[in-house]
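Dear colleague,

I am passing on the structure below, followed by my notes on it. Please keep it open while you read.

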Amino acid sequence: LVMPLGQAVGAWTQLQTGLGALARIQEVLVLEPERDDVPEVPGAGTGAPAAPRVPPPGTPLLELDDVSFAYPDGTRVLDRVSLTVPAGSRVALVGPSGAGKSTVLALVEGFYPLTGGAIRWAGTDVRELPRAALRANLGYVEQEAPVLAGTVRENLLLAAPHTTDDELWAVLADVGLTGVVQRSPRGLDVPVGDEGVLLSGGERQRLAIARSLLARPALLLLDEPTASLDARNENLLRETLAAAAADRALLVVAHRLSTVLDSDQIVVLDAGRVVARGTHAELLETSPLYRELASAQLLV
Ligand code: ATP
């Protein structure tokens, strides 16, 4: 009796594990299909997917129009969110933890289908655009930015294989990594990750930002790191963002208001809804939630 009972318990455990895996696979399967089969944008020639048009500075580059969203497990996260990122401008998303800020970036990246509303690139619904072409214009730097094993040079050249050493050093300076790379006798060929330098979360993210900047995306999506920034690196990040914004648009999820005080527009999200928008000075006047966030961070 004991043997078959033991086997039955083992089989039950296996079944539970299998069901868990199946649920995860289903979650992946409901993701939107890749849209690379969508015809290229008109007049764009043939061959590799054409990059969608980048409109003139100041006109809408990215628009979220009444976007609602629930995760595949049914968690409703965004409720009719609208925001516009004009070409060449800096927009920040702020709000309490769990408000849905990172989810907005995931949707712009096309990781999940929308529950309602639309996302447009230069006026065209992104569902009409080939995903590869859209991604060619988007740089996305997550909080836990992936850094490859390999060297600093390999990590950077991944984005732009023909970059010269001078350009690599220039972008490392932009993100404040010159010192840490110069300290190694191997310079740009110093390994990163477990065997080399750049082990801190902040450094990894700045290397990922450098990689994104080299790819010259029209829009950089950045999920600001929470824990990994000390005050000095936060200043560096702020300067990097200001430099990056010189010739591209930025949509930054900010956990620290201090990194985005000078944004052209700050959008305040609370429980999946836009509750206020404006500049830092305007929001201090108009938004009690923004004032609360700012005073919690000793900014007022
Ligand atoms: P934080 O400032 O803490 O990073 P956030 O404003 O970026 O928060 P999101 O990470 O977008 O918020 O999460 C919004 C809500 O969605 C949270 O309630 C979160 O638990 C939920 N959520 C996030 N990712 C998933 C997922 N993959 N599946 C289900 N729910 C999720």
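**Helix packing**

The crossing of helix 5 and helix 7 is right-handed, a term used when the near helix is turned clockwise from the far one by less than a right angle, anticlockwise being left-handed. Please bear in mind that this is a predicted model, in which local features need pLDDT of at least 70 and side-chain atom pairs count only at pLDDT 80 or more, while totals for chains, interfaces and linings use all residues. Residues are numbered from 1 along each chain as its sequence is written. Helices (H or I, at least four residues) and strands (E, at least two) are DSSP runs, numbered from the N terminus.

Helix 5 (residues 165-174) packs against helix 7 (residues 201-214) at an angle of about 130°, and their axes are 9 Å apart; axes are lines fitted to C-alpha atoms, for helices over the stretch in contact, and angles run from 0 to 180 degrees between N-to-C directions. The two helices, helix 5 and helix 7, are therefore oblique to each other, since angles under 35 degrees count as roughly parallel, over 145 as roughly antiparallel, 65 to 115 as roughly perpendicular and the rest as oblique.

**The ligand and helix 2**

Among the 13 residues around the ligand, Tyr71, Ser97, Lys101, Ser102 and Thr103 come nearest, where a residue is near if its C-beta atom, placed from the backbone, lies within 6 Å. Helix 2 (residues 101-108) gives the largest share of this shell, three residues. Helix 2 is also mostly covered, with six of its eight residues buried, namely Lys101, Thr103, Val104, Leu105, Leu107 and Val108. Here buried means that 20 or more other C-beta atoms lie within 10 Å of the residue's own, exposed that 12 or fewer do, and partly exposed in between, with C-beta atoms placed from the backbone. After helix 2 comes Gly110, with a positive phi near 85°.

Four strands form an open sheet in the order 2-1-4-5, with antiparallel pairing, and its edge strands, each pairing on one side only, are strand 2 (76-86) and strand 5 (124-125). Two strands pair if DSSP finds at least two bridges between them. Five bridges link strand 1 (residues 60-70) and strand 4 (residues 116-121) in the antiparallel sense, and Leu62 has Trp121 of strand 4 as its bridge partner.

Elsewhere, strand 6 and strand 9 (residues 219-223) run parallel and are joined by four bridges, with Leu221 in strand 9 as the bridge partner of Tyr140. From strand 6 (residues 138-141), Leu138 and Tyr140 point one way and Gly139 and Val141 the other, all of them buried.

With best wishes
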